[in-house]
Amino acid sequence: MSKIKDASHLASELKRIDSKGYKAYKDIAGTYGVDEFTLFVDHVQGDPFASPSKVRLRLDAGRAQFPSDLSDNPDRRIALEDYILRAFDSVLNRVAKGNRGSGKSGMLAVDRPGQQVLERTAVVVTSEYVEVRLVAGLPARGRKVLGMQAQKMLLEELPAAGRRAMYHSALDGREVRKFVLSVEDAAKLRRQLSSMGAVAFVADGSILPRESGVSEKPMLRDEAVPFRAPSSLKREATLANGGRVSGMAIPEGVNLIVGGGYHGKSTLLEALDRGIYNHIPGDGRELVVTRPSAIKIRAEDGRQVTGVDIRPFIRDLPNRTDTGNFTTPSASGSTSQAANIMEALEMGADTLLVDEDTSATNFMMRDMRMQLLVAADKEPITPFIDRVRQLHRQLGVSTVLVVGGSGDYFDVADTVIMMDHYRPKNVTAEAAEIAERFPTGRAEESPGGMPRRNRRFPDPDSIDARHRGRVKVKTRGMSTIQFGTETIDLSSVEQLVDFSQTRAIADALVSVRSRFPDMCIYDALEHLERELDQKGLDVLSPFSGHPGDYARPRCMEIAAALNRLRSLRLLKTEYMRTGGG
Ligand code: ADP
Ligand code: MG
């Protein structure tokens, strides 16, 4: 670590460079003791309009005095870091003056989280210290240094915020504990799912609907119908911190969610796709948990597909396209949905979440009449209905499927849940009885080529973020990555929830290429996952300064980005035996 200088040194430097050209700020990079804090000025921006500077504020654990049990396992530590981040963010809004001149002058900001509690780099809690990482817009008038203003920001506002958010005694101790234990309860409940034989659990009393289609905040309590499990699917679970909870366990196998339009089917499925994450207290989905490797599947026409074996679903395309090694710059609805499933299997998905609202109809279903008119040998598609059982019986992959329109699926369902005015009912027996009384008449189509988990080996040279010789990676919002000369579109990757995950994915793609060459996609991302577990997300950063704005993505979402990179090429594919893992 560089030598720690006194705050008075920083103050006199700022005085010295006052009114000079903006570049003079470069001189303040370094480490300072500011009262009881350590201030790291890691990166100084080149001008007032450029990306803001990066600073860290650190406080010794001995002063911060957070009870050690609040960070004594990874679930708790991540939750505590998240709590401190939220506290610091709201305090900053009160103690920081904000705009102080041109460009980003005066800005002080942390990476603000949403409804999910994710592993992040914005706050770090170790046994030695608590550290908050921020961006700071060093102030200027025009392009001239405003030294006194900088002094106020760095030497007054920052420590003031730290004093109100980085000491345990400054926070509501009961609320901190409640937050941490609530997150831990969810994380541990999720890990119990497989021993419960369930793919998801939705606690009684959960609030599933959101405020609006563009907000992850909960619908107001007096408007929302709280979730209540039907008695035949009700299970009780013991939470890590002692509480008992009852709710609906969605079993392994083929699950249908049926019901009339607007009765809450998609809302339930969306809650399940978010159930891979932990949520803040008050979100309403605190105890809605789904298997960690559940993947939302949808049609996504127009997407790039590279060397995916989609034969289990699609064969013999009219132009003799090889669907065992299917590559296209613009997939159709059905081929994109097939590719999304095969890529999900490749990444080890054990649960598929499918909503008819976002599926290709011809991929999901072919009824008797259509089978009679268009013979199977003229139809390249083996519909999902004829593979969904094999997926479970042979690969152990369960499905939760929203269907309002096709009762043909009753034949292949293990469990049928009906949403009726936002209340779930178990209608498995009725559906089975109807299926028996009214046969569909359709013939099962299942030519060879069962679903399997293949391994694709990317050509490292095709994952190249260089633009005119320099690595250039940028993100825009949650769903666009500029990767060298390529643009990756993640707008249909529905389980991304945070801009900061997208930033981490972008840098992960750069590092996967150099770090793990000669591996299949699955192995490379498994290795990365283990490295992130051991060393934290910081390792993704290509800069020496801190990455204060990453949130952890799953390896599935990193793979999703790689799969949508248009330049991707493969060296080879290993085709696994059916049922092979
Ligand atoms: P479906 O998929 O069955 O057509 P949606 O899940 O899209 O229905 O829900 C329709 C509307 O009902 C949405 O606006 C949603 O916010 C609202 N909604 C869903 N669940 C609830 C609930 N438990 N309480 C109140 N409103 C709900
Ligand atoms: Mg719907």
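Helices (H or I, at least four residues) and strands (E, at least two) are DSSP runs, numbered from the N terminus. This is a predicted model, in which local features need pLDDT of at least 70 and side-chain atom pairs count only at pLDDT 80 or more, while totals for chains, interfaces and linings use all residues. Residues are numbered from 1 along each chain as its sequence is written, and side-chain values use heavy atoms, with hydrogens and water left out.

**Residues with positive phi**

- Most residues other than glycine have a negative phi.
- Arg468 lies in the loop between β27 (466-467) and β28 (470-471), and its phi is positive, about 50°, although it is not a glycine.
- Arg468 is exposed, with a relative accessible area of 76%; exposed means over 50%, buried under 20%, and partly exposed in between (1.4 Å probe, protein chains only).
- Tyr422, in the loop between β24 (415-420) and β25 (423-426), also is not a glycine and has a positive phi of about 70°.
- Tyr422 is partly exposed, at a relative accessible area of 39%.

**Helix α13**

- The 15 residues of α13 (residues 521-535) should span 21 Å at 1.5 Å a residue, and the end C-alpha atoms are 21 Å apart, which agrees; the expected span is 1.5 Å times one less than the number of residues.
- The buried residues of α13 are Ile521, Ala524, Leu525, Leu528, Glu531 and Leu532.
- They lie on the same side of α13 because they cover an arc of only 115° around the axis, the arc being that of the directions from the helix axis to the C-beta atoms.
- These buried residues pack against α7 (333-346), β26 (455-458), α12 (499-515) and α14 (555-563), where contact means heavy atoms within 4.5 Å.
- Exposed residues Asp533 and Gln534 are carried on the face turned away from the buried side of α13.
- Gly536, with a positive phi near 85°, follows α13.

**Domains 1 and 2**

- The domain assignment gives domain 1 (4-171), domain 2 (176-293 + 350-447) and domain 3 (454-577); such bounds come from an automatic or database assignment.
- The centres of domain 1 and domain 2, taken over C-alpha atoms, are 44 Å apart.
- Between them, domain 1 and domain 2 bury about 1600 Å², 62% of it on carbon and sulfur atoms; buried area is the accessible area (1.4 Å probe) that two parts lose on being put together, summed over both.
- In domain 1, Asp75, Gln115 and Gln116 lose the most area to domain 2, together 40% of what that side buries.
- There are 3 salt bridges between domain 1 and domain 2, a salt bridge being a side-chain nitrogen of Lys or Arg within 4 Å of a carboxyl oxygen of Asp or Glu.

Key:
Chains are lettered from A and ligands numbered from 1 in the order in which they are written.
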